[in-house]
2 protein chains.
Amino acid sequence: MEYMTVRNAALAAREAERTLGIAATEEKNRALRLIADALIGNAPAILSANGEDVERERAAGMTAALIDRLSLDEKRIAGIADGVRQVAALPDPVGETVGETVRPNGLEIKRVRVPLGVIGMIYEARPNVTADAAALTLKSGNAVLLRGSRSARRSNEVITEIIRGALSKTAVPADSVILLSSESHESVAELTALRGLVDLIIPRGGAGLIKSVAESSRVPVLETGVGNCHVYIDRDADPVMAENICVNAKVSRPSVCNAAESFLFHRERPDLLVRVCSALRERGVTVHGCPETVALFPDAVPATEDDYFREYLSLDAAVKVVADVGEAIAHIAKYGTGHTEAIVTENDGTAEKFIREIDAACVNRNASTRFTDGGEFGFGAEIGISTQKLHARGPVGLRELTSYKYVVTGNGQIR
Amino acid sequence: MEYMTVRNAALAAREAERTLGIAATEEKNRALRLIADALIGNAPAILSANGEDVERERAAGMTAALIDRLSLDEKRIAGIADGVRQVAALPDPVGETVGETVRPNGLEIKRVRVPLGVIGMIYEARPNVTADAAALTLKSGNAVLLRGSRSARRSNEVITEIIRGALSKTAVPADSVILLSSESHESVAELTALRGLVDLIIPRGGAGLIKSVAESSRVPVLETGVGNCHVYIDRDADPVMAENICVNAKVSRPSVCNAAESFLFHRERPDLLVRVCSALRERGVTVHGCPETVALFPDAVPATEDDYFREYLSLDAAVKVVADVGEAIAHIAKYGTGHTEAIVTENDGTAEKFIREIDAACVNRNASTRFTDGGEFGFGAEIGISTQKLHARGPVGLRELTSYKYVVTGNGQIR
């Protein structure tokens, strides 16, 4: 495949965005439905390209877990197409009036949502991100530059060509979705240097990728997805609820960012620690505990300082005994990543303190950390979970991919 | 005065912010009123320090305009104190619930405003910014690191000491407001490198300062205040309104960012061009015109390409004849800075096209560009006008200095 240079791609995306950004909702939805149809209709071409990727990477020694993330089959393609159709069905955020006031001098001031502009996505192995990201950015009126993983390059090429082919039958310019070469790491450096041409960079992948992009980019970055999530089990926790929430938060899908990694227990409730740790152990979880934890639950292995910083993404959990909710809050302030922090307690005062003092995108009382998700929040779809405070925090759906402008209407007012 | 290192100042501010961020509204308001009283009560000390700054800079050859910006007198100090009292009277954005939903599984999800954290302000000569910024950040629960101009250092030192002295009588920690040394340029580089310790940098000053901070900072930056604002006078403009708006936009205060710099006229209305240019000329404005403008209005001097990019901030205006609203929009897309763009027209269709297609913080119909201002928008006070799309756009008031967190309340929900 012929690739544009990164700069030319950005210029082309910017030009496309001028049309896409003001496209009618129905035109964007039609484009999305055509994309979904084309993905299904061209499934054999996607599977063949994906087969090339999988074969090459398997031969190169990619782990089975990563091969699984890379692999597509008919069912997964149907799922991707379904996702695109769901985005078509969501309300269009662009043009929505989100505030309105009439000033004493008669000026009418409206705050209206507009697209951000050109978004650069930098992501790792999974080729479904290519279609997911294109659908979300298109619906929110943003052009997208996709910089996928080299290991998925053939899959990404074919998926992008299918999307662009579908767009060519609509009023949405094909250059609204452009795949960048993944041949060298240079394209990431070039993309993140285009301040002024690219409006936002969203890295999606491991903590290393996100950190390196965030620290080097000159374009503003939306940091997503690093979750060292905690559950604090308070003295006044309900034992059954504590067990259910901890098991769900750790075990239901350990590899995702909203899975819990650390559990903190109130010192006066050793019974809760033993109960929860036993339940975790039964599901295959290795408990890495502080000395008090190991004394109460001898199956635990001793935790190092490093364990409390880790996002395991595996069947491992760090456990610590704390004196009270204040120590739990201080521990989370030190080790947390600002993603999701939960408390299990029946005590309203304790819950209020935790909710007020914890600085994280989501603070949960008596609910699993696993609920931090665009679908679970009712956003319909998301492009990631923001762990930063600027612009958007928590699940990033269509609305969070927009900015706003003020429309000021007068009849000749001067100041 | 003894200064902390930039890093230690950031650590101290971060620690202070943990208390300030959850301080009660009444405690913050009491602190602000005490600050206002202390500024008035210590006016002689401020005036004496300001006198040192003014004398030193005058001897060093500072221009009269800059000396005026640097100078304080009793009236200006009273104005600063009044500004602080006004911030005390504004509603507290922190803790406000800005969205609420109950999911089908019974989870209650609230979006609650929280402070951003630690804000670094980098600003030029005017010492009133020291108190203005401290008041706005304090009220919005953010700690602030102030990096003022070297030329105002004694004034800034005394004002900061007065603020910290007032805070020491309250529950708001004095380290919520810390002045950084302005001795060397190094402190700017150090401050903008503290990603993770500082949450946001706001540069306030000329385009050069803002550009250099935005391009080098590793901490996210809120770009403010560069305004190459246009007024497009359409074929269907009311002549009196066109004249009034153009004169007001250009002449009422030429040195501010919401003053107009460029005027575009529809080719079919030479009468409007002549009328407006004559009115501007009468008020001392030099018109820099395209060849068509010069032919119609011989007092105009020929404009260079550079004139259309310039933010004059003076009694100069760039003027160009365009074929229609489409060419006006294209011109603004090329030369504008995304601050405020206005159209004067009685034609609804033309106005709608302009409003939809112009990409700027504020798009005005039949109103002067000078209205882009926190006070005029009803925000009560502002820290600047954002010209970027991420996080906040347009006037940045208390609300725009906050983020949010999701508070998720359940009764044992798991996924």
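Welcome to a predicted model in which chain A can be laid on chain B with an RMSD of 0.0 Å. One of its sheets is built from strands of chain A and chain B, ten strands in total. Here is a tour, from the symmetry down to the helix packing.

**How the two chains are related**

- The contact surface is shared in kind: 100% of the contact residues of chain A recur in chain B, and the same surface serves both copies.
- Which residue of chain A comes closest to the rotation axis? That residue is His391(A), whose C-alpha lies at 1.8 Å from the axis.

**The interface**

- On each side of the contact there are 53 residues: 53 of chain A are in contact with 53 of chain B.
- Four elements of chain A each supply at least two residues to the side that touches chain B, namely α10 (239-251), α15 (348-357), β13 (362-367) and β16 (402-413).
- The largest share, eleven residues, comes from β16(A).
- By residue class, the side of chain A that touches chain B divides into 22 nonpolar, 17 polar and 14 charged residues.
- Strand pairing also crosses between the chains: β16(A) runs parallel to β13 (residues 362-367) of chain B, with five bridges. Thr409(A) has Arg365(B) as its bridge partner there.

**The ten-strand sheet**

- Reading across this open sheet, the order is β10(A)-β9(A)-β11(A)-β8(A)-β7(A)-β12(A)-β13(A)-β16(B)-β2(B)-β1(B), and the pairing is mixed.
- Which strands lie at the edges? They are β10 (301-302) of chain A and β1 (97-102) of chain B, each of which pairs on one side only.
- Within the chain A part, β8 (residues 260-266) and β11 (residues 316-322) run parallel and are joined by five bridges. Phe263(A) of this pair stands opposite Val319(A).
- In the chain B part, β2 (residues 108-115) pairs with β16 (residues 402-413) in the antiparallel sense, over eight bridges. Glu108(B) stands opposite Thr409(B) in that pairing.
- Glu108(B) also stands opposite Val102(B), in the antiparallel pairing of β1(B) with β2(B), which has five bridges.

**The four-strand sheet of chain A**

- A second open sheet has the order β5-β4-β3-β6, with parallel pairing.
- Its edge strands, β5 (177-179) and β6 (200-204), each pair on one side only.
- From one strand to the next, the twist averages 20 degrees.
- Five bridges link β3 (residues 118-123) with β4 (residues 143-147) in the parallel sense. Among the details of that pair, Val118(A) has Ala143(A) as its bridge partner.
- Helix α6 (residues 128-139) packs on this sheet and touches β3, β4, β5 and β6 of chain A. The direction of α6 makes about 165 degrees with that of β4(A).

**Helix packing around α7 of chain B**

- The axes of α3 (residues 43-59) and α7 (residues 153-167) of chain B come within 7 Å and cross at roughly 160 degrees. Angles over 145 degrees count as roughly antiparallel, and α3(B) and α7(B) are therefore roughly antiparallel to each other.
- That crossing of α3(B) and α7(B) is right-handed.
- Residues making the contact include Ala45(B), Ile46(B) and Asp53(B) of α3(B), along with Arg153(B), Arg154(B) and Glu157(B) of α7(B). The whole contact divides into five nonpolar, two polar and five charged residues.
- Helix α2 (residues 25-41) of chain B packs on α7(B) at an angle of about 135 degrees, with the axes 9 Å apart. The two helices are therefore oblique to each other, and α2(B) passes α7(B) in a right-handed crossing.
- Which residues of α2(B) make this contact? They are Ala31(B), Leu34(B), Ile35(B), Ala38(B) and Leu39(B), and they meet Ile162(B), Ile163(B), Gly165(B), Ala166(B) and Leu167(B) of α7(B).
- The contact of α2(B) with α7(B) divides into nine nonpolar residues, one polar and no charged.

Methods
Residues are numbered from 1 along each chain as its sequence is written. Chains are lettered from A and ligands numbered from 1 in the order in which they are written. This is a predicted model: local features need pLDDT of at least 70, side-chain atom pairs count only at pLDDT 80 or more; totals for chains, interfaces and linings use all residues. Copies are superposed by least squares on the C-alpha atoms of residues with pLDDT of at least 70 in both. Two residues are in contact if their C-beta atoms, placed from the backbone, lie within 7 Å. Ala, Val, Leu, Ile, Met, Phe, Trp, Tyr, Cys and Pro count as nonpolar, Asp, Glu, Lys and Arg as charged, and the others, Gly among them, as polar. Two strands pair if DSSP finds at least two bridges between them. Axes are lines fitted to C-alpha atoms, for helices over the stretch in contact, and angles run from 0 to 180 degrees between N-to-C directions. Angles under 35 degrees count as roughly parallel, over 145 as roughly antiparallel, 65 to 115 as roughly perpendicular and the rest as oblique. A crossing is left-handed if the near helix is turned anticlockwise from the far one by less than a right angle, and right-handed if clockwise.
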